Amino acid sequence: MKEIIKKLSNDFALSIDETELLASALLQKPRFALYLQNECSPELERHLRLKFTLLKNGVPIEYLTKQVQFLNYRLKLYPGVFIPRLETEYFVELIRKLIKFKPLKICEIGTGCGAIAIALTESFPDAQIVATDICELAVQNARENILHFHLEERINLLRADFFSPFKSRIFDLIVCNPPYVPRERIKDLPKSVRDFEPRRAIDGGKGGTRFIKKLIDEATTYSRNHPNIALEIDEEQTDELSQILQNKNLPYFFAKDLFNKIRYLFIGEFNKCKVPSYL
């Protein structure tokens, strides 16, 4: 195995450390375990060389391993389903920290592989969660993860567009990581995102707010009293969204992610004073 790692390192212009980390992830074994295999198998070398070539061409490593770590959960990830990221892990942590009440009925719009809905069951153990996605592949992916963690009694999974299956005024909290990248900036995204992740989960239309504005407009109808909404956004959308929310007379604030960029919008009963001071 040492020779395979050395060859891959040289051929793909990677350090030994980088090569070991990638091989470890692709083979789903600890780094030290790579060297417990003494034979330099041609089949293993061909397998890793193909995967390294795909990575070099931009295929996300999560699509090659077909899994992703999200907070305390190792989730199955189907190629073609949106990949949850560190910023969304922190989003879930902020929701738990900032909300002023214990929601009993939560709706997640656009669940993807189910990462947010699954994590929210831990944050709010008394809540029932409805998770929706318009994409059948995403719904299948989320269903597999929900069943794996035995959460089918806590999460009701539906294929749906926005709130289409629901009666009015039933949710205490609405959560969404929407498509918010402005269409005019899609071309500037990394190749791994632009060419391989689902465009529907990324493209927010002109300015990136098309989906967000529709969700805010509809949320009042499907909120039990007044809307409590947690969203991921792009930092260039704050002025437009502020104007919309002021016109609707809704309380709101923005929060930054771990990279000091405005990333989140909280509408309703959230405590701005509890936003971590180090941001």
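Trainee: Does L120 count as buried or exposed?
Mentor: L120 is found in helix α7; helices here are DSSP runs of H or I with at least four residues, and strands are runs of E with at least two, both numbered from the N terminus. Buried means under 20% relative accessible area, exposed over 50%, and partly exposed in between, using a 1.4 Å probe and protein chains only. With a relative accessibility of 0%, L120 therefore counts as buried.

Trainee: Which pLDDT do local features need in this predicted model?
Mentor: Residues are numbered from 1 along each chain as its sequence is written, and side-chain values use heavy atoms, with hydrogens and water left out. This is a predicted model, in which totals for chains, interfaces and linings use all residues, side-chain atom pairs count only at pLDDT 80 or more, and local features need pLDDT of at least 70.

Trainee: Which residues does L120 touch, not counting residues up to four places away in sequence?
Mentor: Contact means heavy atoms within 4.5 Å. Leaving out residues up to four places away in sequence, L120 touches V92, I95, I106, I129 and V175.

Trainee: Which residues have the most contacts inside the largest nonpolar core?
Mentor: A nonpolar core is a set of buried Ala, Val, Leu, Ile, Met, Phe, Trp, Tyr and Cys residues joined through side-chain atoms within 4.5 Å. The largest one has 57 residues, and those with the most contacts inside it are L48, I95, L120 and F266.

Trainee: And how many residues are in the second, separate core?
Mentor: Its members include I216, Y222, I229 and L265. The count for this second core is 26 residues.

Trainee: What is the order of the strands in the open sheet?
Mentor: Two strands pair if DSSP finds at least two bridges between them. The open sheet has 7 strands with mixed pairing, in the order β5-β4-β3-β6-β7-β9-β8.

Trainee: Which are the edge strands?
Mentor: Look for strands that pair on one side only. Those are β5 (155-159) and β8 (252-256).

Trainee: By how many degrees are neighbouring strands of this sheet turned against each other on average?
Mentor: Axes are lines fitted to C-alpha atoms, for helices over the stretch in contact, and angles run from 0 to 180 degrees between N-to-C directions. For this average, direction is ignored, and neighbouring strands of the sheet are turned by 20°.

Trainee: What angle does helix α7 make with β4?
Mentor: Helix α7 (residues 115-123) packs on the sheet, where it touches β3 (105-109), β4 (128-133), β5 and β6 (173-176). The direction of α7 makes with that of β4 an angle of about 175°.

Trainee: Which strands does helix α10 touch?
Mentor: Helix α10 (residues 210-219) also packs on the sheet, and its direction makes about 175° with that of β7. The strands touched by α10 are β3, β6, β7 and β9.

Trainee: In β4, what is the bridge partner of K105?
Mentor: Strand β3 is largely enclosed by the rest of the structure, because 4 of its 5 residues are buried. β3 and β4 run parallel and are joined by 5 bridges. In β4, K105 has as its bridge partner Q128.

Trainee: How many Å apart are the end C-alpha atoms of α6?
Mentor: The expected span of a helix is 1.5 Å times one less than its number of residues. With 13 residues, α6 should span 18 Å, which agrees with the separation of its end C-alpha atoms, 18 Å.

Trainee: What covers the buried residues of α6?
Mentor: The buried residues of α6 are E87, T88, E89, Y90, F91, V92, L94, I95 and L98. Their cover includes β1 (67-70), α7, β6, β7, β8 and β9.

Trainee: How many residues apart in sequence are the parts tied together by Y90 and Y264?
Mentor: Rings of Phe, Tyr and Trp (its six-membered ring) pair if their centres lie within 6.5 Å; planes under 30 degrees apart count as stacked, over 60 as edge-to-face and the rest as tilted. Y90 and Y264 form a tilted pair, 6.1 Å centre to centre with 55° between the planes. Y90 lies in helix α6 (residues 86-98) and Y264 in strand β9, so the pair ties together parts whose separation in sequence is 174 residues.

Trainee: Which residues do ring pairs link into a cluster?
Mentor: F266 and F270 are a tilted pair because their ring centres are 5.1 Å apart and their planes lie at 55°. Both F266 and F270 are buried. The cluster linked by ring pairs consists of Y90, F91, F253, Y264, F266 and F270.
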